[in-house]
Amino acid sequence: MKTNQLMTVAFSSGNVEVFHKTSMGNLTQLWAVGNHMRFADGKAHANLTTFINSGKTKEFIAELEKQGIAPFEITGKGSTKRTWACMELLIYAAEHISVSFHLEVIQTFIKGRLLSFRDESGDNFKSMNIAIDKHLGGRDGKDNLGVRIQVAK
């Protein structure tokens, strides 16, 4: 799939938006979801600013940049401002927040291959739509959107 689709990834304690092509995810959302797990485990909330300003995180970010990986991308202004982080930094942040959350993030993105499956399914959906439009008889000039949705389900 050529377009960079924004996905909502469901974790046990909440959702995190992630762009499937660039693998950039909403760091603030990830932090909130991880902190929810910490709180459920009886632990105090972790502070995102403290994490970002720590020496180890700065060292990790410097290594990402050295390898040509953009660690952050900030979009919007005011209430629409979002901090997007690369997948490597998201996984690193999850490790800092909680052991159980770190494992869930690894299982979702690495073991579960969520982003690559999204790409493959998008390509397959496009092929399915072309086949429906081409081979569905008696529907010349009609919109096949409803048919596409039913077949996809």
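Helices α3 and α4 are roughly antiparallel to each other, a label given to angles over 145 degrees. The model is predicted, so local features need pLDDT of at least 70 and side-chain atom pairs count only at pLDDT 80 or more, while totals for chains, interfaces and linings use all residues. Residues are numbered from 1 along each chain as its sequence is written, and side-chain values use heavy atoms, leaving out hydrogens and water.

**Packing of α3 and α4**
- Helix α3 (residues 55-66) packs on α4 at an angle of about 160 degrees, with the axes 11 Å apart; axes are lines fitted to C-alpha atoms over the stretch in contact, and angles run from 0 to 180 degrees between N-to-C directions.
- Lys 56, Thr 57, Phe 60, Ile 61 and Leu 64 of α3 meet Glu 88, Leu 89 and Tyr 92 of α4, contact meaning heavy atoms within 4.5 Å.

**Burial of α4**
- In α4 (residues 87-97), eight of the 11 residues are buried, that is, under 20% relative accessible area with a 1.4 Å probe and protein chains only.
- Among these buried residues are Leu 89 and Tyr 92, which also meet α3.

**Arg 38**
- Arg 38 lies in helix α1 (residues 27-40).
- Arg 38 is buried without a salt bridge, and Asp 41, the nearest side chain of opposite charge, is 8.2 Å away; a salt bridge needs a side-chain nitrogen of Lys or Arg within 4 Å of a carboxyl oxygen of Asp or Glu.
- Beyond four places in sequence, Arg 38 touches residues including His 96 and Ile 97.

**Whole protein**
- The protein has seven helices and five strands, taken as DSSP runs of H or I (at least four residues) and E (at least two).
- Of its 153 residues, 31% count as buried.

Definitions and conventions
Buried means under 20% relative accessible area, exposed over 50%, partly exposed in between (1.4 Å probe, protein chains only). Lys and Arg count as positive and Asp and Glu as negative; His and the chain ends are not counted. Angles under 35 degrees count as roughly parallel, over 145 as roughly antiparallel, 65 to 115 as roughly perpendicular and the rest as oblique.
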